[in-house]
Amino acid sequence: MYESFQKYLSKELDEIKNAGLYKDERVITSPQRASITVRGGKEVLNFCANNYLGLSDNKRLVEAAKKALDQRGYGMSSVRFICGTQDLHKELEKKIAEFFGTEDTILYAACFDANGGVFEPLLSEQDAIISDSLNHASIIDGVRLCKAQRYRYANADMTELEECLKKAQDKRFRLIVTDGVFSMDGNVAPVDRIYELAAKYNAMVMVDESHSAGVVGQTGRGVTELYNLRGKIEIITGTLGKAFGGAIGGFTTGRKEIIAMLRQRSRPYLFSNSIPPMVAAAGIEMFNMMAQTNELQERLHWNTKYFVEKMQQSGFDIKPTQSAICAVMLYDAPLSQKMAAKLLEEGIYVVGFYYPVVPKGEARIRVQLSAGHTQEQLDKAVAAFVKVGKELKVI
């Protein structure tokens with residue numbers, strides 16, 4: 001049978017390539033940081049990583065991981081409820097709850113697992129999930145695993161959200177689900193208005209803080225800090241793999257009864273190995289750093305404001321952003337690929353996005369700023385964008 005299946009796969013792969021949608025992986029031969037080395041030895045400035053606070057190669061985190069590796073070993077070889085829980089895991093869960101102002105936390109291998117394992121244990125066909133249309137794929141997949149009635153509203157459209165809430169009034173429980181920051185546009189969800197509607201129509205709220213934790217809010221505590229809602233949102237999910245060190249590991253934090261039920265019934269938690277002790281130890285050290293200083297958040301906010309203003313002054317079409325994501329709009333898919341390739345030649349590592357990752361006709365280059373970028377590096381990136389932009393008649 002595989003011969004016919006092989007032909008089918010080859011045809012599908014060729015179609016992906018011919019459509020210009022085939023994903024090639026660029027190989028990095030240095031630590032993840034603002035300036036990286038790619039295979040072949042070329043050094044480039046990285047503007048497409050989720051390394052928002054520049055912590056992926058932070059010495060304090062590396063040392064904490066090394067120490068845990070020596071003292072606690074390499075891995076747990078077990079799931080949490082059998083023999084996969086160390087004191088490091090419990091301490092990290094406590095640190096996360098303190099950071100977000102919540103009651104308890106449960107760790108996962110990744111936020112994809114956190115989102116995949118949160119809905120089915122909590123909700124049934126008697127309930128309703130109301131989801132933003134631009135929510136992450138992990139939320140979409142998690143919702144599919146649940147029997148609750150599904151509703152979807154246009155991105156950040158509060159009128160449509162209210163209509164969905166009205167339609168779901170006959171359901172037992174209602175849960176509104178949104179990303180905190182939408183990764184392709186960089187816009188922040190209007191969680192203040194979502195919270196008001198939830199109160200009006202007796203619903204709960206869940207926010208995925210993967211692209212907002214460490215980034216949004218004066219001290220980087222996410223959208224609940226930005227909107228003065230710390231401790232008021234029932235469920236928050238997030239990752240250690242972006243701003244918080246860039247390794248691996250996800251979490252759900254929120255009301256203690258919700259977390260307790262997830263420990264009992266969340267399948268990705270019950271049937272996946274614990275995160276390695278060294279990752280937990282580095283995570284603890286990271287949250288210790290966050291408690292000591294806001295220096296990284298302040299640097300990131302300054303970098304983002306500086307870069308966006310320089311790009312706008314140069315004539316680029318930039319989507320409004322309250323995060324560290326800057327969408328440089330090009331509207332043409334081949335142009336986005338050509339521009340990204342030419343920018344790489346100039347030493348600027350960025351990626352062009354186009355349909356189906358973003359809507360048709362909304363191709364762009366997504367620039368991600370980091371606290372690790374210097375002003376000199378930002379100026380170099382802007383100069384490269386201007387040079388290539390003029391060459392391709394973008395500006």
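This report looks at the nonpolar cores and the cavities of the structure above.

The model is predicted, so to speak of local features a pLDDT of at least 70 is needed, side-chain atom pairs count only at pLDDT 80 or more, and totals for chains, interfaces and linings use all residues. Residues are numbered from 1 along each chain as its sequence is written, and side-chain values use heavy atoms, with hydrogens and water left out.

Let's start with the cores. A nonpolar core is a set of buried Ala, Val, Leu, Ile, Met, Phe, Trp, Tyr and Cys residues joined through side-chain atoms within 4.5 Å, where buried means under 20% relative accessible area with a 1.4 Å probe, protein chains only. The largest one has 88 residues, and Phe-244, Phe-307, Ile-365, Val-367 and Phe-385 touch the most other members. Helix 12 (residues 277-292) is the top contributor, with nine residues; helices here are DSSP runs of H or I, at least four residues, numbered from the N terminus. Another core of 21 residues lies apart, and includes Val-177 and Leu-262.

Now for the cavities, sets of points on a 1 Å grid over the protein atoms alone where a 1.4 Å probe fits but cannot get out; lining residues have an atom within 4 Å of a point. The structure holds two of 30 Å³ or more. A volume is the space filled by probe spheres set on the points, which are joined across faces, edges and corners.

| Cavity | Volume | Lining residues include |
|---|---|---|
| Largest | about 70 Å³ | Arg-80, His-89, Tyr-269 |

Terms used
Buried means under 20% relative accessible area, exposed over 50%, partly exposed in between (1.4 Å probe, protein chains only). Helices (H or I, at least four residues) and strands (E, at least two) are DSSP runs, numbered from the N terminus. On a 1 Å grid over the protein atoms alone, a cavity is a set of points where a 1.4 Å probe fits but cannot get out, and a pocket is an open set with protein on both sides within 12 Å along at least five of seven lines; lining residues have an atom within 4 Å of a point.
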